[in-house]
Every structure is written in C-alpha cells, then in structure tokens.
Amino acid sequence: MRELDAEAKEAGITDLNEVGVDPGVDHLYAVKTIDEVHEKGGKVLEFYSYCGGLPAPEAANNPLRFKFSWSPRGALLSQQNSATFLKDGEEVHISNKDLMGEACPYHFMDGYSFVAYPNRDSVPFREAYQIPEAHTVIRGSLRYEGTPALVRALIDIGWLDTEIKPWLKDGMTWAQIHQRVTGAASPTEPDLIARADELCHFASPADRQQILSGLRWMGLFSDQVPNLHGSLLDTLSAQLQELCSFQPGERDLVMLQHKFVVEWKDGTQVSAADGMGHQHIANNVGYRTPSPLRLSCSATPTGTQGWPGRSGGIKLTERMF
C-alpha cells in the first residue's frame with residue numbers, strides 16, 4: 001500500500017484499507033487512546049493488543065476448538081508465522097516453529113479459557129502509533145485453550161507442509177499418508193501413535209490424550225481415502241473445511257483488548273485495559289463492514305501524511321465504543 005501511495009495521490013484516489021477488526025478497529029482504538037494520554041501529558045510505557053476471531057463457546061465443540069470463517073489454509077499458515085516484539089526495551093524473536101509453544105493463558109473475562117501468543121512483527125507499531133517512550137509493545141492473537149497445542153502437533157508431524165508431494169497418489173488412505181509423513185513403522189494406529197510420541201511436544205499426559213484425540217478426530221489414523229490436493233497442507237485444509245465449518249444457527253465471536261501502562265506527569269503509573277467482545281466476525285470482516293468502515297470514515301488525519309507517520313495523530317469525531 002505504501003508503494004502505491006504516490007500513484008494514488010496523483011490519481012486523486014482514496015484507498016481505504018485495513019477496516020476490519022484486526023487490522024482496523026484495533027488501530028483506530030489504539031491511536032485514540034494514545035492521543036488522549038499524550039494530550040494529558042502522559043506517557044505510554046507498555047502497550048498490548050490481543051484479538052481473536054473465534055466460534056462462540058457453545059460452537060467450539062470440536063477438539064480443535066476452532067471453526068473457519070475464512071480459508072482454513074490461510075488460518076493454519078497464519079499460525080506458522082514468526083513473531084517479533086519489544087519487551088522491556090529489547091527485541092524478542094520467536095521462530096515460526098516455536099510460535100505455538102509460546103501460547104500462554106490469558107485472562108480476558110471470567111468464563112473464557114483463552115491463550116495468547118504474539119502475532120508477527122509488533123516492533124514497527126512503536127513508531128506507527130507514535131509512542132517512542134514505550135519499552136514494551138506486543139500485538140498478539142487469542143485462541144481457546146487447546147487450539148495452539150493441536151496446531152503445534154500438526155506442525156511437528158509435518159502436516160502443514162505447503163510443498164507439492166509427487167508421492168501423494170489417489171487411493172492412499174489417511175493412515176498411509178500419515179505413515180509416510182511421519183516415518184512410522186506401519187500405518188496401524190499403535191505405530192502412528194508411537195511415532196507421534198516421538199515427534200510431538202506434550203505438556204502433560206492429559207495434553208497428550210487431547211492431542212491424540214484431535215488427530216484421530218481429523219481422520220489421520222483412519223483407513224478412509226481423502227481427496228488429494230497436491231500438498232499435505234491443502235489436503236488437510238480440505239478435510240478441516242468439512243469438519244470445522246460453522247453450521248446454521250451457530251454464532252461466532254470477536255474478542256479484542258488493548259492494555260496500556262501509562263505514566264502521568266507526576267510519575268504515577270497506572271495500568272488500564274478495555275476492549276470489545278461478542279461482536280460477530282461477519283459484521284467486522286469481509287463484505288459486511290459497516291462498523292469499521294463508519295469508524296474509519298470518521299477518522300480525520302490532522303497531519304499532512306495521515307497514519308502511519310501521522311503528525312499530531314488521528315482524531316476521531318465520535319467515540320468508538
């Protein structure tokens with residue numbers, strides 16, 4: 001988008017992007033609060049932003065505890081990104097293979113068992129949000145407890161490989177493919193499980209049982225013959241599209257929370273959190289974007305360059321929440 005900035009200005013085109021939830025509402029809400037703090041003479045020392053597009057609790061009724069409102073392939077790949085963030089003034093880097101292992105419990109509100117992990121590169125947002133005083137800047141994703149552990153097992157085993165596999169042949173069963181992927185002694189379930197024990201990271205015996213149950217639920221130990229799609233990831237994604245689609249009447253859920261640690265002029269430090277929940281993904285992402293679009297249109301850049309790189313910030317003409 002930045003590469004096309006000059007051409008868009010020359011053509012007199014307004015290109016309005018990132019008007020969903022994340023990215024979208026999260027940017028507007030962060031800038032609004034940061035500007036309010038700065039206007040009162042405060043400093044934002046720490047900034048945290050966590051967001052998750054999830055099934056509502058009653059619809060998280062499978063071992064993955066997730067359902068796909070967009071491409072399963074894209075969703076799975078997004079959980080293989082590396083992550084970089086600022087913590088106490090130092091850059092911290094998490095490799096893509098280790099990302100799911102970094103998921104840790106995150107309390108948003110009572111009754112929800114969330115875990116959180118960092119999302120891509122948070123470092124540029126210290127400059128974009130104009131908070132050079134911040135020593136900690138972390139943007140992350142929320143999932144229900146159990147989701148990252150099962151995805152990590154799929155990564156460890158090799159199922160999220162995007163390369164075309166010439167050896168994938170019509171007529172192969174899930175168990176035969178799983179044996180080939182893992183190098184198990186045979187396609188029988190005991191041998192497949194024995195190999196999973198060698199490849200996967202289990203936090204506890206209960207975690208092991210939950211993950212193995214998830215792999216079994218996906219059909220990876222079965223004699224069923226899948227529809228092949230060239231790569232292991234695409235073949236698995238097609239299976240998960242069938243298993244993890246929203247059914248009529250099921251609800252989705254968006255959780256978004258920003259946390260700030262602020263230091264006021266008198267040296268007092270306070271921690272505050274606010275956010276949104278129980279909003280539908282379809283209302284904020286994709287073709288139905290009335291709320292984020294309205295909020296974006298009500299944001300007026302006060303500088304000459306707009307956001308990012310704004311001079312003076314973006315002022316919202318109405319309260320967002």
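Biologist: Hi! Which residue just after helix 5 takes a positive phi?
Modeller: Hello! In this predicted model, Gly158 does, with a phi of about 115°.

Biologist: And helix 5 itself, which residues does that cover, and is it enclosed or open?
Modeller: Helix 5 runs over residues 147–157, and eight of its 11 residues are buried, so the rest of the structure largely encloses it.

Biologist: Nice. Which ones are the buried ones in helix 5?
Modeller: They are Thr147, Pro148, Leu150, Val151, Ala153, Leu154, Ile155 and Ile157.

Biologist: What covers them?
Modeller: The cover includes two strands, strand 5 (114–118) and strand 6 (136–144). Helix 6 (174–182), helix 7 (189–199), helix 8 (205–217) and helix 9 (232–243) are also part of it.

Biologist: Okay, on to the cores. How many residues has the largest nonpolar core?
Modeller: That core has 55 residues, and Trp159 and Leu215 have the most contacts inside it. Helix 5 is the element that gives the most to this core, with six residues.

Biologist: What does Leu215 touch, if you skip residues up to four places away in sequence?
Modeller: Leu215 then touches Leu150, Leu154 and Ile157, along with Leu220 and Phe221. Leu150, Leu154 and Ile157 are among the buried residues of helix 5.

Biologist: And how many residues are in the other core?
Modeller: The other core lies apart from the largest one and has 16 residues, including Phe47, Leu86, Ala128 and Tyr129.

Biologist: Let's switch to helix 2. How far does it reach, first C-alpha to last?
Modeller: Helix 2 (residues 25–39) reaches 21 Å with its 15 residues, close to the 21 Å expected at 1.5 Å a residue.

Biologist: Which residue with a positive phi follows helix 2?
Modeller: That is Gly41, with a phi near 85°.

Biologist: Last one, Ser245. Where does it lie?
Modeller: Ser245 is in the loop between helix 9 and strand 7 (252–263).

Biologist: Buried or exposed?
Modeller: Buried, because its relative accessibility is 18% and the cut-off for buried is under 20%.

Biologist: What does its side chain reach?
Modeller: The Ser245 side chain reaches the backbone oxygen of Gln241 at 2.3 Å. Leaving aside neighbours within four places in sequence, Ser245 is in contact with Lys67, Leu240 and Glu250.

Definitions and conventions: Residues numbered from 1 in each chain as written. Predicted model: local features only at pLDDT ≥ 70, side-chain atom pairs only at ≥ 80, totals over all residues. Heavy atoms only, no water. Buried < 20%, exposed > 50% of the residue type's maximum accessible area, 1.4 Å probe, protein only. Helix = DSSP H or I, 4+ residues; strand = E, 2+ residues; numbered from the N terminus. Contact = heavy atoms within 4.5 Å. Polar contact = N/O pair within 3.5 Å; in protein donor to acceptor, adjacent residues only side chain to side chain. Core = buried A, V, L, I, M, F, W, Y, C linked by side-chain atoms within 4.5 Å. Expected span 1.5 Å × (residues − 1).
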